[in-house]
Amino acid sequence: MPRQPSAAGGEWLEGPVVLGVAWEESEHLVRTGASLAARLGAHLICAYVDPASYLTEWEPESSRASASLDPVFNSETDFPSSHVRDGLQEILGPPGDEWSFRVLNGAVALALDRLAESTDAALLIVGGQRPGRFAAMTRMLEGSVSADLTSLQSRPVLVVPHPRD
């Protein structure tokens with residue numbers, strides 16, 4: 001793939017585009033991510049971070065049943081991820097050469113950071129802050145994924161605002 005010029009005068013990285021998706025994914029976010037990946041000629045990795053998960057690496061090695069860092073397949077997390085995967089397939093069609101789906105574990109920003117590093121991603125895309133009191137309370141307790149990613153990453157992080165109704 002030829003390198004594309006970046007806005008800063010350098011070159012885009014040649015890796016995939018990582019798109020962080022939530023339980024109730026935004027069609028606007030998914031289509032924006034897919035469109036940008038297609039224009040860059042890059043594979044789109046849709047990544048869902050299971051909020052009920054934790055990192056098994058923190059357990060003693062002798063008691064671990066599986067590894068949880070950036071798993072390609074983890075049957076223990078199949079229940080919630082099937083809902084997200086099905087929603088993505090309705091928007092993007094079946095996974096294949098253009099896009100794939102990954103289920104991650106741990107804190108959202110850290111999990112997306114690990115995935116971007118391990119795949120040498122060209123950029124990360126996440127949704128902007130959701131409106132509403134519940135979303136504001138969640139941000140107060142858990143922080144902002146987009147803000148955390150911009151402090152963790154050296155690659156570009158695109159924050160796609162939620163469309164106004």
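Visitor: Which residues does Phe-101 touch, not counting residues up to four places away in sequence?
Guide: Phe-101 touches Cys-46, Tyr-48, Ser-81, Val-84, Arg-85 and Leu-88. Contact means heavy atoms within 4.5 Å. This is a predicted model: local features need pLDDT of at least 70, side-chain atom pairs need 80 or more, and totals for chains, interfaces and linings use all residues. Numbering starts from 1 along each chain as its sequence is written, and side-chain values use heavy atoms, without hydrogens and water.

Visitor: What makes a set of residues a nonpolar core?
Guide: Its members are buried Ala, Val, Leu, Ile, Met, Phe, Trp, Tyr and Cys residues, joined through side-chain atoms within 4.5 Å. Buried means under 20% relative accessible area (1.4 Å probe, protein chains only). The largest such core has 21 residues. Val-17, Leu-19, Val-21, Cys-46, Leu-88 and Phe-101 touch the most other members. Elements giving two or more residues include β1 (17–21), α2 (78–92) and β3 (99–105). Helix α1 gives the most, four residues. Helices are DSSP runs of H or I, at least four residues, and strands are runs of E, at least two, numbered from the N terminus.

Visitor: Why is α3 called oblique to α5?
Guide: The axes of α3 (residues 108–119) and α5 (residues 145–152) come within 9 Å and cross at roughly 40°. Axes are lines fitted to C-alpha atoms over the stretch in contact, with angles from 0 to 180 degrees between N-to-C directions. Under 35 degrees is roughly parallel, over 145 roughly antiparallel, 65 to 115 roughly perpendicular, and the rest oblique. So α3 is oblique to α5.

Notes:
Buried < 20%, exposed > 50% of the residue type's maximum accessible area, 1.4 Å probe, protein only.
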